[in-house]
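Subject: Structure handover

Hello,

Here is the structure we talked about. My notes follow below it.

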Amino acid sequence: MPIQDNFQIPKEEKKVYPPIPKNVYQVELLDISLNDAKGKFAKPGDKNFSFQFTLLSGSDKGENLRGRNVWNNFVPTTLYIGKNGKNALYQIVEAFLSRELSPEEEAIGLNGALLNSFISKQIKVFIDHRI
């Protein structure tokens with residue numbers, strides 16, 4: 001059925017989304033992308049992951065947050081444990097697996113098939129804002 005000739009599409013102004021309040025949220029992984037690393041420590045050829053999550057619940061001052069997207073950008077493509085503990089990639093993978101990685105899994109490493117299997121799966125994330 002074609003669209004009626006008199007159907008009007010209004011122009012919408014830029015929307016402003018206030019920061020999502022600090023809290024724990026149920027999310028679904030919408031997408032993972034591999035991007036060129038940026039920043040003062042990045043070398044040519046370095047890559048980072050970007051994980052895009054969609055909030056499944058939550059509200060802020062009466063506004064429903066369901067459907068809002070959040071990203072964890074600049075996730076390194078290697079597993080390592082630093083002075084602050086496990087890096088973001090470790091934390092994300094272990095959250096989806098609901099367990100710690102075994103020494104064998106750590107030795108073998110991760111692959112794209114495993115990461116892609118997390119797309120459309122749900123986990124809980126803690127949102128905090130860095131300054």
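Ring pairs link Phe 49, Phe 51 and Phe 53 into a cluster. Rings of Phe, Tyr and Trp (its six-membered ring) are taken as a pair if their centres lie within 6.5 Å; planes under 30 degrees apart count as stacked, over 60 as edge-to-face and the rest as tilted.

Before the rest, some notes on the source. This is a predicted model, in which local features need pLDDT of at least 70 and side-chain atom pairs count only at pLDDT 80 or more, while totals for chains, interfaces and linings use all residues. Residues are numbered from 1 along each chain as its sequence is written, and side-chain values use heavy atoms, with hydrogens and water left out.

Aromatic pairs

The structure holds three aromatic pairs. One of them joins Phe 51 and Phe 53, which are stacked at 6.4 Å centre to centre with 15 degrees between the planes. Phe 51 is buried, with a relative accessible area of 0%, and Phe 53 is buried at 5%. Buried means under 20% relative accessible area, exposed over 50%, and partly exposed in between (1.4 Å probe, protein chains only).

Phe 96 and Phe 118 also pair: their ring centres are 4.8 Å apart and their planes at 10 degrees, so this pair is stacked. Phe 96 lies in helix α1 and Phe 118 in the loop between α3 (112-117) and β8 (122-127), so the pair ties together parts that are 22 residues apart in sequence. Both Phe 96 and Phe 118 are buried. Helices (H or I, at least four residues) and strands (E, at least two) are DSSP runs, numbered from the N terminus.

Helix α1 covers residues 88-97, and its buried residues are Leu 89, Tyr 90, Ile 92, Val 93, Glu 94 and Phe 96. After α1 comes Ser 98, with a positive phi near 60 degrees.

Asn 87 sits in the loop between β7 (85-86) and α1. What is the relative accessibility of Asn 87? The value is 6%, so Asn 87 counts as buried. The side chain of Asn 87 reaches the backbone oxygen of Thr 78 at 2.7 Å. Not counting residues up to four places away in sequence, Asn 87 touches Pro 76, Thr 78, Leu 79 and Tyr 80; contact means heavy atoms within 4.5 Å.

Salt bridges

A salt bridge here is a side-chain nitrogen of Lys or Arg within 4 Å of a carboxyl oxygen of Asp or Glu. By this rule the count comes to five.

Asp 36 and Lys 47 form one of them, at 2.5 Å from N to O. This pair links distant parts of the chain, with Asp 36 in strand β1 and Lys 47 in strand β2 (residues 47-55), eleven residues apart. Lys 47 is partly exposed, with a relative accessible area of 35%.

Another salt bridge is made by the side chains of Glu 100 and Lys 86, at 3.9 Å from N to O. Here too distant parts of the chain are linked: Glu 100 is in the loop between α1 and α2 (103-108) and Lys 86 is in strand β7, 14 residues apart. Glu 100 is exposed at 59% relative accessibility, whereas Lys 86 is partly exposed at 25%.

Glu 105 forms a salt bridge with Arg 99, with the closest N and O atoms 2.7 Å apart. Glu 105 is partly exposed at 25%, and Arg 99 is partly exposed at 39%. Salt bridges that share partners join Lys 86, Glu 94 and Glu 100 into one network.

The segment before β1

Ile 20 is placed in the segment before β1 (23-36). Is Ile 20 buried or exposed? At 5% relative accessibility, Ile 20 counts as buried. Leaving aside neighbours within four places in sequence, Ile 20 is in contact with Tyr 25, Leu 55, Leu 65, Arg 68, Val 70, Ile 127 and His 129. Ile 20 and Arg 130 are 110 residues apart in sequence and 12 Å apart in space, C-alpha to C-alpha.

Ile 3 also lies in the segment before β1, but Ile 3 is exposed, with a relative accessible area of 65%.

Regards

Technical notes
Polar contact = N/O pair within 3.5 Å; in protein donor to acceptor, adjacent residues only side chain to side chain.
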